[in-house]
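Q: I am new to this structure. Please pick one part and take me through it closely, step by step.

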Amino acid sequence: MSSSTAVPGQSPIAETAPQSLCALEPRVPADRLVGEMVPPPRFDSVRFDTYVPDPNQPSQTEAVEVLGSFAAGLGGAHATGSGKRKWFGRKQAATPTGPRGVYLDGGYGVGKTHLLASLWHAAPAAPSLKAFGTFVELTNLVGALGFQQTVQTLSGHRLLCIDEFELDDPGDTVLVSSLLSRLVEAGVALAATSNTLPGKLGEGRFAAADFLREIQGLSSHFRPLRIDGEDYRHRGLPEAPPPYSEDQVTRAAYATAGASLDDFPALLDHLARVHPSRYGALTDGITAVCLTDVQPVPDQSTALRLVVLADRLYDREIPVLASGLPFDRLFSDEMLNGGYRKKYFRAISRLTALARDAKRLVAQ
């Protein structure tokens, strides 16, 4: 029988080597894509009363109140599914007045996803009649099921929440806008957050005008709700820990059950071979991601794939321990000043938060 080897100040070295994300190529069936359209693990327990508004930003308190009323108004607002009200040639009498959608407008880190997930939890409907996902996950669902089947699958829902609505891909924007038009006709309530359009100056903190213009005919269905504030992930928190040595990262990976250990450049290459819709499945069973030799991301396609992985890791609260460069040096100045800058700043913010979480993995 093999025995563990103790490392001073750390848990015993694991009897088996850590996993490698580069060795995994998950296959995700379409029904899993549908079943996973719920708030991610990080937002399982969030509610309106767990959102802590910044006392210096009254719009945050107002957002909680407005969204609470919006959720309450969804009770009985939709037939129980499948668009049956159309088959009888008449609308239900209980159809509510006013916008059937809400758009949360604010910068990264002000808690938009927390509020969007809280809305999903508060909506008075069974989980099977509510859907929550990112824009990318929604386009992946259309790709897996086809447009008509996706319409049929979601038409019976009372609420669809879309996080990070992508305004930087005209083709996908038209596709999803067409999907949402069909769902609005079926009585589905909508809620969304979004990123910014390419070429916008500044940090793209507010994008309501862009969002309402891009969804065109749907704009009348949305009430914009502006949320001011600073990135909460850095509000009153210590600076992100500096990168560790390769030896520290490797030892931590071996000492942590369920950890993965990968060379960062090799992982970036692997992500190009795995569809982004499967990045969540790539992390199944992983308790910590350990990376060696973090380097600047070489190009924009690679950078956008890394953004998706960072989102999935953050959603699942998987700490990230790394050697090499700090995460705020992942993206070039050109990337940080370009059209996708908000995505890159969000990735830096989330990876920094996960790096803080990973401090416990290393002996002090």
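A: Start with a pair of side chains: Arg-346 and Glu-164 meet in a salt bridge, 3.3 Å from N to O. A salt bridge here is a side-chain nitrogen of Lys or Arg within 4 Å of a carboxyl oxygen of Asp or Glu. The pair joins distant parts of the chain, 182 residues apart: Arg-346 sits in helix α14 (residues 341-357), Glu-164 in strand β3 (residues 159-165). Helices (H or I, at least four residues) and strands (E, at least two) are DSSP runs, numbered from the N terminus.

The model is predicted: local features need pLDDT of at least 70, side-chain atom pairs need 80 or more, and totals for chains, interfaces and linings use all residues. Residues are numbered from 1 along each chain as its sequence is written, and side-chain values use heavy atoms, without hydrogens or water.

Both partners are buried (under 20% relative accessible area, with a 1.4 Å probe and protein chains only; exposed is over 50%, partly exposed in between). Arg-346 has 6% relative accessibility. Glu-164 has 10%.

Arg-346 has another partner. Asp-311 forms a salt bridge with Arg-346, with the closest N and O atoms 2.6 Å apart. Asp-311 lies in helix α12 and Arg-346 in helix α14, so this pair ties together parts 35 residues apart in sequence. Asp-311 is buried too.

Now follow helix α12 itself, residues 300-315. Arg-312 bridges to Asp-315, the closest N and O atoms being 3.1 Å apart. Both lie in α12, 3 residues apart, about one turn of the helix. Arg-312 is buried at 5% relative accessible area. Asp-315 is buried at 7%. The count for the model is 6 salt bridges.

Arg-305 also lies in α12. Arg-305 is partly exposed, at 22%. Beyond its neighbours within four places in sequence, Arg-305 is in contact with Leu-271, Ala-272 and Tyr-279; contact means heavy atoms within 4.5 Å. His-275 is 30 residues from Arg-305 in sequence and 9.0 Å away in space, C-alpha to C-alpha.

A cavity is a set of points on a 1 Å grid over the protein atoms alone where a 1.4 Å probe fits but cannot get out; lining residues have an atom within 4 Å of a point. Among the lining residues are Leu-306, Leu-309, Ala-310 and Leu-313.

Methods:
1 Å grid on protein atoms, 1.4 Å probe; cavity = no way out; pocket = protein on both sides within 12 Å on 5 of 7 lines; lining within 4 Å.
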